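Subject: Structure handover and notes

Hello,

Please find the structure below, followed by notes on what was found in it.

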Amino acid sequence: MTQTKLEMKNITKTFNHDKILNELTFHLEKGEIMSIVGPSGSGKTTLLRILAGLEKPTDGEIIMNGRDITKQKANRRSISLVFQQPLLFPHMTVKENIVYGAKVSKNYKEEKIESLLEAIGMARFRDHYPSEISGGQQQRTALARAMATEPEVILFDEPFSSLDPSLRQDLRYWVRDFLASRETTAVFVTHDMEEAMIMGDQIAVFEDGNFQQIGTAETLHKSPANMRVATFLGGHLILNDHEFAPLHAVRVGTQKTSKNEVSFHATVEHITYQHGRPVAHLYVNNLEKKISIPIDETFPTREVQVTIPAGSIQTFSGEIL
Amino acid sequence: MIRKKVLFLILTLLFFIIPLTVLLLQSISAPWRFHTGQGIDWGWQEYSTLFQNPQLWEATFISIGIGFAVLFINVAIGLFTGKALTPYAYRGKAWLEALLLSPILIPSLAIAMGLHLFMIRVGLADTIWGVMLIHLVPTVPYSIKIFHNSYQQIGKAMMEQPHILGAGFWTQVFTVELPLLRPAIRSVTFLTIVISLSQYAITAIIGGGRVLTLPLVFFPFLNNANTSIMAAFSIWFALIPVFMYIIIEALMMFLPYSRLPWRNHR
Amino acid sequence: MKLFKNRTFLLFLPAGIFLIIPFYGFIHAVIQSLGGEGLAHYEEILNSERFLSSMWFSIRTAGIATIVSIILGLGFTKWFHPLLTKTSPRLMVWIPMLFPHFVWGYMVILILSETGWTAQAFIAAGWLEDTSNFPVWTRDPQGIGIIITYVWKEIPLVILLLLPVYASIHPEYYALVDSLGGNAWHRFTTVDLPNLLPVLVESFLIIFSFTLAAYEVPALIGTTFPEMISVLGYEWFYGSSWEDRPLAFAAMVLTSLFLLVLTLMSYYGLSRPKWRAMRSDRP
């Protein structure tokens, strides 16, 4: 039994005659976490700011729990937004920051603050000022401050991108479990596909002011809806506007093999090692495409043949929604 | 770096510290006549002579009253305008800023002369209220500038936080903006009060000589008081902003989240 | 969008109401300078030797005071800004800002007049025979006392205005100019100047308009001839004959117009894209 928590209908946002969002429509069930991925500067942040109420859409409506909230101001919406920067109030201690969130949203309970401090592992640092704790601790505090308002929906705008990679990984799982344990509905914006797969039940690929495809990681990889999705995922060799082959079906060798295959000439540009395996970075001359494929052995020459079994060539046909 | 420090110390000593010290020494001793071979005669009698003048006390209270009123209005206008100028960049913003700065570019003497008849007509001439209004002209543009800079430093993103968390306009002003604007309030306090204390001509025009502020006492004093009394009077001029600053600093302790002032400096 | 506009409008309202005061005052100064007789009063003062020499003296004196303040303040800030990040050195530099201008003018009289501390100290030290040998630096016809007072008082203001600019310049830029083979002059013109220019122009306008038309300091430390325009205007305004009042208005309006043109020219120059790009708020 699911219920629709949040809905965006035909949201359009133009800025100086540029369409940043074009007739955007989607909905979220209660407790669902959706990741939105897309290249930098594609308007993902604008989408979140409109949801949070910091900006007004040019057209369209936002519906929460069946009620139109398009005209409601940000401080009246039960939606919280966690930014890339922690943006803690520098004149308040860790605890005061969290209490602030609870008090201004009129949801203050002493036990809740305590449990939040425990949950983010900051109980020991409750009386420290933001300048006295690390970046990861600040970001966790910012999350607790947002959670203290007891939002029905929480939005994240690349919250880990200012942290160093090792810390980022830990925090991803921590936030994911934290949200799941509270059944919080969330939207998670990132430009990193891996992060999107960890954080979201559903992944929405956002480009050119609209969603190119929404689905699970598996759906997206198995049947990308179009070239843009496939390009962004990086897991396919795109042959032309309608055809592609999954990279795991692509073989790399020094010469052509049988006839029932499509084959291209390619140049090895570089070999790197990832997860303990060599990875060849190839330039496929005829297609003018670069691909990266794990290989078993290195090649004597830089010139190689890329072959694809005819049966694994597919057409873009995945459903957009 | 050491040479730089030494040079800095020499310059500040020579041009800022020594003059102030000598002024202090002069104020607590009889006028100096070294060339006649006399020594220095120390004592507080210059201050007591100064304070025996009833006009001085009246003028001090009036100046402080005007100073606080002008400061309060400055903070209110500066805060709102600084906030309004900050969030978005738009065309013509530079011109808007120039417009807001223009009252200190037009001679305040011209403005005061122009307002004189109007002030008489509406009954504000020769009153403390009229003087307060005219003292806003050379102060408000500075305050707007200071608050605008401070808001820009705090940043648009930080200002959005309380709003997203659910704070209303005034809650945001008192819990987040004012505490973060403390340095701006300090600068505005000093500038506003010193500027207000510096106005002789426009105070004389609008106050008609009947609103007695400290400069209106200082100028006639020049003709019949000795150097030591004048030195004491000069020190008095600097003590007033310091005194008012301490009061403002104490008032700011009542702002939310000021409970740990000894930690806030970290 | 409309909501946002309404709120911003309300926030600007106090400043808008405030602006009525100076603009009403200025417009009425213009009206009273005309006095229903057209430009007659302007014609009169423009033919008056007293006005013209006063205007020239004012522009010259204020110009020198402003330029010297800015050059010295800029040099001081450039050279010492790393030291000024600490509070106590800053407070030492701010000392003159604690005093009104005319009080600092009185200080200059105490220090530099013919019977002042310096003269007395020199005589006591045997370097000077008599106080009459000390140069006349206060209440002098060259405006030296006025210039000294203003320079002394405005240097801290220039430092105050320039300090945030220097604090925001990344030192990497200097290293970049060095690595490209530039010298100290290149460093100044390519790194400092573009950042400083808007602030320098604004500082010049603020200080110049103030020193050109402020009454207190020249009244205290200047002479009766040549006199600063503010002193002349004040005298005409409060003078023995009522007929001089429109002249006071005409003199102050002309001064204002001069400053207005100067401001407009500066802002026009600064609004060119090259300088606009240097400002923190990009359009």
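Which residue in β18(A) does E243(A) stand opposite? The residue is T315(A).

Some conventions come before the rest. This is a predicted model, in which local features need pLDDT of at least 70 and side-chain atom pairs count only at pLDDT 80 or more, while totals for chains, interfaces and linings use all residues. Residues are numbered from 1 along each chain as its sequence is written, and chains are lettered from A and ligands numbered from 1 in the order in which they are written.

Chain A

The secondary structure of chain A comes to eight helices and 18 strands (DSSP runs numbered from the N terminus, H or I of at least four residues for helices and E of at least two for strands). The C-alpha trace of chain A spans about 70 × 45 × 45 Å along its principal axes. Of the 321 residues in chain A, 39% are buried (20 or more other C-beta atoms within 10 Å of the residue's own; 12 or fewer is exposed, in between is partly exposed, and C-beta atoms are placed from the backbone). Among contacts in chain A with a separation of 6 or more, 63% are between residues 24 or more positions apart (a contact is two C-beta atoms, placed from the backbone, within 7 Å).

The pair E243(A) and T315(A) belongs to an open sheet of three strands, ordered β11-β12-β18 (chain A), with antiparallel pairing (strands pair if DSSP finds at least two bridges between them). β11 (236-238) and β18 (314-315) of chain A are the edge strands, each with a single partner, so one side of each has no neighbour in the sheet. Strand β12 (residues 243-246) of chain A pairs with β18(A) over two bridges.

Another open sheet in chain A has six strands in the order β6-β7-β8-β3-β9-β10, with mixed pairing. Its edges are β6 (79-82) and β10 (210-215) of chain A; each has a single partner strand, so one side of each is left without a neighbour in the sheet. From one strand to the next the twist averages 20 degrees (axes are lines fitted to C-alpha atoms, for helices over the stretch in contact, with angles from 0 to 180 degrees between N-to-C directions). β6(A) runs parallel to strand β7 (residues 153-157) of chain A and is joined to that strand by four bridges. S80(A) has I154(A) in β7(A) as its bridge partner.

Helix α5 (residues 108-121) of chain B has 14 residues and reaches 20 Å from first C-alpha to last, close to the 20 Å expected at 1.5 Å a residue (1.5 Å times one less than the number of residues). A kink of about 35 degrees is centred on L115(B) (the angle between axes fitted to the seven residues ending there and the seven starting there). Ten of the 14 residues of α5(B) are buried, so the helix is largely enclosed by the rest of the structure; L115(B) is one of the ten. G123(B), which follows α5(B), has a positive phi, near 80 degrees.

The contact takes 61 residues from chain B and 62 residues from chain C. On the chain B side, α1(B) supplies the largest share, twelve residues.

A238(B) lies in helix α13 of chain B. A238(B) is buried, with 21 other C-beta atoms within 10 Å, and touches L98(C) and F99(C), not counting residues up to four places away in sequence.

Regards
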